[in-house]
Amino acid sequence: MNERSRERVAWHFIAADEAATRLQASYDQGLAAGEVLNRRALHGENRITQKPGKGALLRFALQFVQPLVLVLLLAGVVTAVLGEWVDSGVIFGVTLINAVIGFIQEGRAEDALAALARSVSSEVTVLRDGCKQRLPSTELVPGDVVLLAAGDKVPADLRLFRAKDLQAIESALTGESTAVAKHGDVLPEATVLADRCNMAYAGTVMITGRGAGVVVDTGDRTETGRISQLIAEAPDLTTPLTRKMAVFSNWLLIAIGLLAVLTFIVGMWRGSSAFEMFMAAVALAVGAIPEGLPAAMTITLAIGVARMAKRRAIIRKLPAVETLGSTTIICSDKTGTLTENQMTVRELYAGGVQTTVSGSGYAPEGKLGDGSEIAGALRECLLAGVLCNDAALSKEEAGSEGKDLREHGEQWTIVGDPTEGALIVVARKAGLDEATLHKRFPRHDEIPFDSTRQYMATAHEIDGQRLAYFKGALEQLLPRSRQMLDASGEPVALRSEEIENAARAMAREGLRVLAIARLTSTTTKTLPALDEHSADAGLEFIGLVGMIDPPRPKAIAAVATCHAAGITVKMITGDHAVTALSIARKLDIIKDGETALTGVELAAFDDQQLRRVVTEVNVFARVEPEQKLRLVRALQANGEVVAMTGDGVNDAPALKQADIGIAMGLAGTEVAKDAADMVLTDDDFAAIEAAVEEGRGVYDNLVKFITWTLPTNFGEGLVILAAVVAGATLPITPLQILWINMTTAVFLGLMLAFEPIEANVMQRSPRRPGTPILDSALVWRIVLVSLLLLAGAFGLFLRELSLGNPLAEARTVALNVFVVVEAMYLFNCRSLTRSALHVGLFSNPAIWYGVLTMAVLQALLTYLPLLNRLFATAPIGVRQWLEIAAVGLLAYIVVGVEKRLREVRQAH
Ligand code: ATP
């Protein structure tokens, strides 16, 4: 059957079973691997063809629509009108080169950012060959059975056949932003798209509940694929800093304009010709405009993004690169970010009896207590843990060398929540096999887990009796319990205090504690459908499960680094306060004696009180995701720059509000990833610290480039101005100025973007947002170097003339002074505070390649007859070179001494 000619079926109008028959799919087995291959060959990848974004031509044209470039173009036009063809040609040539560089760099940066965004692959849970699997959503084919949970982005068009509390936001497709409840029943044929509640459409998101559906259409055949004018969204390349620089350039332009007019007037008044003065004004404008600045900034940021990706932090929004550098507080989840999320059950408490469990990891090897037979409350506890569970345990096939992987321990993997995986493992250690149990006691109903509700429940029929198992936070289940099971499994009066003490003892050891309970129907044989109020009827408490989730070793070091860098780390967790405090202590997030604030306490504070408390407390426990938003706002109101992690659907508002929203690449939902500025590929806290470090480094490199480039522009402007005021001939022509600006920006300045991070970046306090890009020290340095350039270039120029040498030679000397001083000053700029020797002379090889290229270019400009003619230069001799070198060295030493003096003064 041809893919395109396949007729469109009104899937909502046919029963779910009929849909399965038509698609030759099985709801409890999924497709077989071989069949998937056939269908993939027929339907291709599940990917929507991207329509091209802004045309290349338009993007190229936009390179010219910048005030700085427009002024250059104007200068080019006027010089052409004046008949100065060579000058005009070179000005146009330079603007063209500039545009090409900008175009290529921008394109590369956009592609890199888009590719990174795509690399955060969207995964789905699929049933194939009877097993649950996590797959990239691109691998889906029609007939695949997809399992949906809150936070999932729907990967293809699905006909739902099971739904529990399932609600979707379909605004991407229908524009409607309120949630739509989903079910599996048949709908009338005429039902419009927005009301087809038994379908889930690609690109929409599930915000609550659970469900399952069969794929009916993939890729371009989905509703989104058909109607969308999806434009390959080009990422925004502006950041607060580039916007600031754009404002700065506009001011610069006004200043340059005024100076140019002034030059013209002064010159005319001194009796020069209008033509000569116009050329001087053009020279000034051309010289003072930092043409290379926008491209250099984009490149520096792009390099930063690439460096962060290498350290497992994927930037989704470019401004994050900068904001990271000024982060003052990192609010991190505990489970999975600060801890390994490799849960192992260590202790069980059932029927008032404590049992320890041996073994580690997900390998079901170890025993419970002394290994005697499991019965009574303990068995019920394990059974409940397995049935009230959506995870799956699997063993990888033989390893690469065909060895038995059992020795290694990592062959056992979990699909789903590690907390649930641990329950399957402990049951297996006791001889209970989850597959058999699921088959014997199928699930009739469920309340899916939700971070706000903090528990889940499933209904089953066991020995002819309907009952529901609950598992979740103790605070949720204990108050709802009326009775408890004794060791033999018989219901007896509840002993709350004893249970609480047992839970506290586990939590103090840093164990994550989960409570297990059940609801039986003693009066009627049937249990009503499960809902939020089911537990109010009174639960029978079964037991507690204590699991370890050790802190990530790298996180301990990363927290220490953050502290040294003046960044506070706060733990915000859904887990119990005692467990959270125990882990926080191991990570050095808190000192002895510090306490935690719980979600309940937090809710009692008004915004003002919260602002006060939030600075003092570093561990927030049993926090509901919605409360994270309040915490971020309170911290921001205190002037903090907040990075916040999150993984669930309800975390999305806090992630959007935070200055840096960070989503988990592995455990995070699609909704959280979409809301985030940055995604951690391995969920590890250490990657956040690394990204902050890179962020600081990138910002440093941007400031270094600005500090390096401005003196050239100011120096050139000053030289022209001084010449006009002194009534002397221009020491450098507009063309020569353009040569200097373009070549040095590309081969010298840009090399600063490759500068490695300085060793001390994480030992200083975060940069306060709103502080000027250049502090007074740097402004003075820029003025100093501009004056050195003026003195050196103008001085040697006048000296050459006074020696009776031709103008072209004198100008060539002045031009080379500029380039040599810029090259020497480049080394000064490799660190803003320390000497170039301190950062290691060869730690950035790019600098040396740049300097060598520049030397070759200068030699060509000075000695190649063609370039001599074009740029009005002339060969110079050894004496002149020595004098130029002396000026360069002097400039290097003066700036070096200035830096050293400042360092010494600061040390006192
Ligand atoms: P963090 O917020 O640091 O990631 P967390 O995993 O404990 O920690 P939540 O996922 O919000 O946070 O869970 C809150 C509580 O709900 C847990 O402490 C636990 O008691 C309970 N819980 C977690 N996962 C499950 C689950 N799959 N089934 C039942 N209850 C769970």
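1. Glu420 and Lys471 are both buried, and their side chains meet in a salt bridge, with 2.8 Å from N to O. The pair ties together distant parts of the chain: Glu420 sits in helix H13 (residues 418–429), while Lys471 belongs to strand E16 (residues 465–472), 51 residues apart. Keep in mind as you read on that this is a predicted model.

2. The side chains of Arg495 and Glu498 meet at 2.7 Å, N to O. Arg495 counts as partly exposed because its relative accessibility is 36%, and Glu498 is also partly exposed, at 31%. Another pair is Glu903 and Arg900, whose closest N and O atoms are 3.4 Å apart. Glu903 has a relative accessible area of 33%, so it is partly exposed.

3. How many salt bridges does a search of the whole structure find? The search gives 45. Some residues are joined in a network of salt bridges: Lys334, Glu475, Arg512, Asp575 and Arg622 are linked in this way.

4. Next, the overall picture. The protein has 908 residues, and buried residues make up 54% of them. Its secondary structure comes to 30 helices and 26 strands. Along the principal axes, the C-alpha atoms fill a box of roughly 115 × 70 × 60 Å. Among contacts between residues at least 6 apart in sequence, 72% join residues at least 24 apart.

5. The chain is divided into four parts, and some of them are made from separate stretches of sequence: domain 1 (3–50 + 121–221), domain 2 (268–309 + 691–907), domain 3 (320–339 + 553–683) and domain 4 (344–548). Take a moment to find these ranges in the sequence before moving on.

6. Where do domain 1 and domain 3 meet? Their centres, taken over C-alpha atoms, are separated by 35 Å. In the interface, 10 residues of domain 1 are in contact with six residues of domain 3. Together the two domains bury about 570 Å², and 55% of that is on carbon and sulfur atoms. On the domain 1 side, Gly151, Lys153 and Ile207 lose the most area to domain 3, together accounting for 59% of what that side buries.

7. What kinds of contact cross this interface? Between domain 1 and domain 3 there is one salt bridge. Lys153 forms a salt bridge with Asp674, and their closest N and O atoms are 3.0 Å apart. Three residue pairs are in polar contact between the two domains. Strand E7 (residues 205–217) gives the most to the side of domain 1 that touches domain 3, contributing three residues. Sorted by class, that side of domain 1 has four nonpolar, three polar and three charged residues.

8. Is Asn46 buried or exposed? Asn46 counts as buried because its relative accessibility is 7%, and the cut-off for buried is under 20%. The residue is placed in the loop between helix H2 (33–43) and helix H3 (56–62). A polar atom of the Asn46 side chain lies 2.9 Å from the backbone oxygen of Ser137. Leaving out residues up to four places away in sequence, Asn46 touches Ser137, Thr138, Leu140, Pro155, Ala156, Thr218 and Gly219.

9. Leu841 is another loop residue to look at, found between helix H27 (807–828) and helix H28 (845–863). Leu841 is partly exposed because its relative accessible area is 32%. Not counting residues up to four places away in sequence, Leu841 touches Arg830, Ala836 and Trp848. From Leu841 to Gly76, 765 residues apart along the chain, the C-alpha atoms are separated by 41 Å.

10. Finally, look at Val851, which lies in helix H28. Which residues does Val851 touch, not counting residues up to four places away in sequence? They are Phe747, Leu748, Leu826 and Phe827. The C-alpha atoms of Val851 and Ala823 are separated by 6.7 Å, with the two residues 28 apart along the chain.

Definitions and conventions
Residues are numbered from 1 along each chain as its sequence is written. This is a predicted model: local features need pLDDT of at least 70, side-chain atom pairs count only at pLDDT 80 or more; totals for chains, interfaces and linings use all residues. Side-chain values use heavy atoms; hydrogens and water are left out. Helices (H or I, at least four residues) and strands (E, at least two) are DSSP runs, numbered from the N terminus. Buried means under 20% relative accessible area, exposed over 50%, partly exposed in between (1.4 Å probe, protein chains only). A polar contact is a pair of N or O atoms within 3.5 Å; within protein, one must be able to donate a hydrogen and the other to accept it, and residues adjacent in sequence count only if both atoms are side-chain atoms. Contact means heavy atoms within 4.5 Å. Domain bounds come from an automatic or database domain assignment. Buried area is the accessible area (1.4 Å probe) that two parts lose on being put together, summed over both. A salt bridge is a side-chain nitrogen of Lys or Arg within 4 Å of a carboxyl oxygen of Asp or Glu. Ala, Val, Leu, Ile, Met, Phe, Trp, Tyr, Cys and Pro count as nonpolar, Asp, Glu, Lys and Arg as charged, and the others, Gly among them, as polar.
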